[in-house]
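Subject: Structure handover

Hello,

The structure you asked about is below. My notes on it follow directly after.

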Amino acid sequence: MAKKETKAPKYSKETYRYWYESMQLQRKFEEKCGQLYGMQKIKGFCHLYIGQEACSSGSKSALIEGDKYITAYRDHGIPLALGTSPNAIMAELYGKITGASKGKGGSMHIFDKSVGFVGGHGIVGAQIPLGAGLGFAEKYNKTGNLAICYFGDGAVRQGALHETFNIAMTWKIPVIFVVENNGYAMGTSVARTSNVTDLYTIGEAYDMPSEPVDAMDVEAVHEAVSRAAARARAGEGPTFLEFRTYRYRGHSMSDPQKYRSKEEVEAYKERDPIEQVKKTILEYNILTQAELDEIDAKIKVQVQESVDFAENSPFPPKEEAYKDVYVQEDYPFIEE
């Protein structure tokens with residue numbers, strides 16, 4: 001009698017646990033951010049990553065310590081995936097001195113050198129040449145590391161992308177370019193701004209290895225980034241990945257979202273990345289429902305602790321306005 005074949009999960013228990021815990025932390029942290037913004041505890045701009053969590057968590061699991069990450073201003077999720085303290089991020093959103101950027105960056109400019117996160121950047125597409133520069137530094141210093149540079153679908157219209165793609169391929173820079181294509185640049189769909197809607201094909205004009213990725217599936221993200229990282233570390237240069245993802249909330253907290261239907265949003269929620277990985281975990285008995293509940297309870301405490309930390313932290317003193325502006329600490333042309 002033939003032995004019945006049993007299927008096994010593709011990755012380790014630790015990997016699946018990381019994916020679930022990382023994505024769930026991002027989700028619950030940002031749901032709390034949305035509440036706090038409505039209470040006017042968080043002010044200014046605030047762009048939530050809800051729905052896109054597989055992009056960050058799947059990338060992190062595929063890369064190694066010492067790799068650098070840079071993104072645009074939808075930037076809370078990536079540092080959380082990398083291990084930045086929720087306390088530091090929430091305090092930054094509050095504008096407090098204990099924040100990741102000492103209260104000077106707010107929602108759009110999180111930065112944490114300790115985990116290789118070289119910032120959220122507010123100018124559309126401006127991080128693309130910076131991402132190539134980070135990769136070039138790793139190549140120049142022969143570290144074996146690489147840079148991964150994220151940007152939104154609206155940023156592919158910037159000339160800086162094309163200049164950067166050209167030089168990155170010419171110099172074989174170890175950088176992974178990622179367009180997080182959530183369908184809308186602010187409120188404008190990709191189809192309304194370009195004849196090219198398969199964005200990954202833009203890289204082909206530079207002979208850059210390019211591919212689309214189902215970024216609602218954390219396993220698919222992990223695998224695509226792993227392939228791109230292997231090429232970069234082998235000296236073969238950059239890759240362009242189109243992460244096909246979706247944000248459930250508006251472009252920012254002030255977005256009325258009149259450009260899309262509720263039915264469209266609900267259709268994407270049926271492919272939710274957290275629910276997909278949870279289904280796999282339970283199907284293969286990687287973790288029990290009780291263990292998942294424990295993770296959820298822990299995250300609830302973490303998020304509340306981050307709020308308490310931010311509430312109880314002080315605002316920066318006025319002299320902080322003159323710090324971290326120039327590398328030269330005794331810069332002589334500052335007037336107080």
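Just after helix α1, Q40 takes a positive phi of about 65°. Q40 is not a glycine, and most residues other than glycine have a negative phi. Q40 sits in the loop between α1 and α2 and is exposed, with a relative accessible area of 61%. Here buried means under 20% relative accessible area, exposed over 50%, and partly exposed in between, with a 1.4 Å probe and protein chains only. D207, also not a glycine, has a positive phi of about 60°. D207 belongs to the loop between α7 (190-193) and β7 and is exposed as well, at 65% relative accessible area.

Please keep in mind that this is a predicted model: local features need pLDDT of at least 70, side-chain atom pairs count only at pLDDT 80 or more, and totals for chains, interfaces and linings use all residues. Residues are numbered from 1 along each chain as its sequence is written, and side-chain values use heavy atoms, with hydrogens and water left out.

Helix α1 itself covers residues 13-38, which is 26 residues. From its first C-alpha to its last it reaches 38 Å, close to the 38 Å expected at 1.5 Å a residue; the expected span is 1.5 Å times one less than the number of residues. Helices (H or I, at least four residues) and strands (E, at least two) are DSSP runs, numbered from the N terminus.

Now the sheet. It is open and has 6 strands in the order β2-β1-β3-β4-β8-β7, with parallel pairing; two strands pair if DSSP finds at least two bridges between them. β2 (117-120) and β7 (210-214) are at the edges with a single partner strand each, so one side of each has no neighbour in the sheet. From one strand to the next, the twist averages 15°.

Strand β3 (residues 147-152) is joined to β4 (residues 175-181) by 6 bridges, and C149 stands opposite F177 in β4. Between β1 and β3 there are 3 bridges, with Y69 opposite I148 in β3. Because 5 of its 6 residues are buried, β3 is largely enclosed by the rest of the structure.

Helix α2 (residues 53-62) touches β1 (68-71), β3, β4 and β8 (239-244), and its direction makes about 170° with that of β3. Helix α6 (residues 159-170) lies across β3, β4 and β8, at about 150° to β4. Axes are lines fitted to C-alpha atoms, for helices over the stretch in contact, and angles run from 0 to 180 degrees between N-to-C directions.

The largest nonpolar core has 61 residues, and M90, I176, V225, L241 and F243 have the most contacts inside it. Such a core is a set of buried Ala, Val, Leu, Ile, Met, Phe, Trp, Tyr and Cys residues joined through side-chain atoms within 4.5 Å. Apart from it lies another core, of 22 residues, including F177 and F240. Neighbours within four places in sequence aside, L241 is in contact (heavy atoms within 4.5 Å) with I176, V178, V213 and V225, among others.

A88 is in helix α4 (residues 86-93) and is buried, with a relative accessible area of 16%. Leaving out residues up to four places away in sequence, A88 touches T98, G99 and A100.

Finally, an unreviewed UniProt entry lists residues 22-317 as "domain: Dehydrogenase E1 component". UniProt positions are in the numbering used here, feature names are shortened, and annotations may be inferred rather than shown by experiment. That span is 44% helix and 12% strand, with its end C-alpha atoms 34 Å apart.

Regards
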